[in-house]
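Hello,

Here is the structure I promised to pass on. My notes follow below it.

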Amino acid sequence: MGNTDQRPASDTGIWILRCPACGRTGDARKAGIIRVGAWSPLGKYVLGWCSNCRRLRMLNLVQADHACTDTQADETWKEVSAYVASKTIDAQTAEQIIAANVPEERKREIAAYIAEGMMEVDDALRMLNA
Ligand SMILES: [Zn+2]
């Protein structure tokens with residue numbers, strides 16, 4: 001009687017790893033990522049193997065409950081990764097843009113400025129972190 005051993009809700013959710021490139025999803029714990037709460041400063045993205053794409057990707061780590069509310073972040077990831085693929089933004093800069101604590105629309109705007117050469121990377125990152 002009386003279960004006093006209640007853990008915080010945030011610690012009991014199901015975490016999902018999703019590949020933004022192909023949409024494949026998998027249970028993060030089964031993928032070997034156990035301490036999901038510790039993943040920072042890259043926020044909700046972790047480097048992982050996508051068995052569908054057969055390559056390493058920055059996988060989107062989401063809590064199951066929030067899985068369908070994260071489309072804005074997906075859009076950012078797609079755009080930024082396209083810039084990386086075309087070598088207009090380097091991977092390190094892309095990670096900093098994705099991890100920045102600003103609205104997703106702002107990240108895409110900044111990424112576009114960098115990619116189009118309208119803004120120096122250093123200036124852009126300063127704006128993101130201001
Ligand atoms: Zn994939």
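Lys87 counts as exposed because it has 9 C-beta neighbours inside 10 Å. Burial here goes by other C-beta atoms, placed from the backbone, within 10 Å of a residue's own: 20 or more is buried, 12 or fewer is exposed, in between is partly exposed.

This is a predicted model: local features need pLDDT of at least 70, side-chain atom pairs count only at pLDDT 80 or more, and totals for chains, interfaces and linings use all residues. Residues are numbered from 1 along each chain as its sequence is written.

Lys87 sits in the loop between α1 (71–85) and α2 (91–99). Helices (H or I, at least four residues) and strands (E, at least two) are DSSP runs, numbered from the N terminus. Lys87 is not a glycine, yet its phi is positive, about 65 degrees. Most residues other than glycine have a negative phi.

Arg54 also is not a glycine and has a positive phi, of about 55 degrees. Arg54 belongs to the loop between β3 (45–50) and β4. Arg54 is exposed, because 7 other C-beta atoms lie within 10 Å.

Now α1. It has 15 residues and reaches 21 Å from first C-alpha to last, close to the 21 Å expected at 1.5 Å a residue (1.5 Å times one less than the number of residues). Its buried residues are Thr76, Trp77, Glu79 and Val80. They pack against β4, α2 and α3 (104–115), with contact meaning C-beta atoms, placed from the backbone, within 7 Å.

Last, Gln63 in strand β4 (residues 55–63). Gln63 is partly exposed, because 16 other C-beta atoms lie within 10 Å. Its C-alpha is 5.7 Å from that of Ile14, 49 residues apart along the chain.

Best wishes

Definitions and conventions:
Contact = placed C-beta atoms within 7 Å.
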